[in-house]
Amino acid sequence: MSGPVLVGVDGSATSMAAVEAAAREADRLGVELRLTHAFEWSATRVPPGVPPWDPGGSRVHGSVNSALTEAERRARSAAPGLSVTRTVLMGEPMTVLETESRRASLTVVGSRPPSRSAGSRRGSLAVRLAAHGQSPVLMVRGRPDPAGPVVLVGDHGRVGRAAAEFAFAEASARGTDLVVLNGWDTRTGKPRNGFAATLSALRKSHPDIVVRRPRVRGGIRRAVVEASARAQLVVVCMNGRVGWTAASPTRISRATLRHADCPVAVIRAEEETR
């Protein structure tokens, strides 16, 4: 992946947390960090007498610059020496990030929507970006355990190769274990092996990583939410063939995005990995 890490900036506490996480990811990937503010133009926000296309005379312009300046300061503090660019684009935040994600290695967002028009439900922006964006999505939320593992979650018992590779890379960069939750076969009492070959290959290429596959009791969604309380990151594989849309996300992915107690990365797979 050579595209930048893209992060939405609106000046909120959640977006600033997303900026710091995005900076660390960009540093790990060796790519540029792109700070993006989506400017929704509204005549009601412009002081009377100020021409609409005179941003230099608008109070809105100053607040946007202030947010981006603070975001850049936090990014460079999190990853000194990182290449950082700033951009302000006209449009509704979700639409802007969707479009910009086409050129990104990773898109990072906070757990709260950047505007009222984006909806008020946690995870709604990440849901839409995972469904329609063109890059993996990282939603920064919760209280990650700095000593915890990376958790890889299968959707419908399957784990895509892209999600597995992302999870292994994160575990390696963080120097921690990888926990795989992809369900158990009730007939055999053994883990479902929807990605046995991929797991075997990645174990060989990452011999430093300890991989654990605990038995899931009480349902995969509950297991994921419980595991997130002791994790640094949860990586969810969403298979493209199970009807993932912005209006109807899969239950596992939706529950993770809304209830996890640590950051969540959603990687969409177009094909099943066997």
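Student: How many helices and strands does the chain have?
Tutor: The chain has 8 helices and 12 strands. Helices (H or I, at least four residues) and strands (E, at least two) are DSSP runs, numbered from the N terminus. Keep in mind that this is a predicted model, where local features need pLDDT of at least 70, side-chain atom pairs count only at pLDDT 80 or more, and totals for chains, interfaces and linings use all residues. Residues are numbered from 1 along each chain as its sequence is written, and side-chain values use heavy atoms, with hydrogens and water left out.

Student: What percentage of the residues count as buried?
Tutor: Of the 274 residues, 51% count as buried. Buried means under 20% relative accessible area, exposed over 50%, and partly exposed in between, with a 1.4 Å probe and protein chains only.

Student: OK, Val140 next. Buried or exposed?
Tutor: Val140 is buried, at a relative accessible area of 13%. This residue belongs to strand β5, residues 137–140.

Student: And what does Val140 touch?
Tutor: Leaving out residues up to four places away in sequence, Val140 touches Ala17, Ala18, Ala21, Val108, Val109, Gly110, Ser111 and Pro263. A contact here means heavy atoms within 4.5 Å. Take Ser111: Val140 and Ser111 are 29 residues apart in sequence, with their C-alpha atoms 5.9 Å apart in space.

Student: New topic: helix α3. Why is α3 described as largely enclosed?
Tutor: Because 6 of the 8 residues of α3 (residues 93–100) are buried, the helix is largely enclosed by the rest of the structure. The buried ones are Pro93, Met94, Val96, Leu97, Glu98 and Glu100.

Student: Which residue caps the N-terminal end of α3?
Tutor: That's Glu92, with a side-chain oxygen 3.2 Å from the backbone nitrogen of Met94.

Student: Now strand β6. Which residues sit on each side?
Tutor: Val150 and Leu152 are on one side of β6 (residues 150–153), with Val151 and Val153 on the other, and all of them are buried. In a regular strand the side chains alternate between the two faces of the sheet.

Student: Which strand is β6 joined to by 4 bridges?
Tutor: β6 is joined to β7, residues 178–181, and the two run parallel. Strands pair if DSSP finds at least two bridges between them. In β7, Val179 is the bridge partner of Val151.

Student: Last one: what lies over the face of Phe166?
Tutor: Arg28 does, 5.8 Å from the ring centre. The cut-offs are NZ of Lys or CZ of Arg within 6 Å of the ring centre and within 35 degrees of the ring normal.

Terms used
A polar contact is a pair of N or O atoms within 3.5 Å; within protein, one must be able to donate a hydrogen and the other to accept it, and residues adjacent in sequence count only if both atoms are side-chain atoms.
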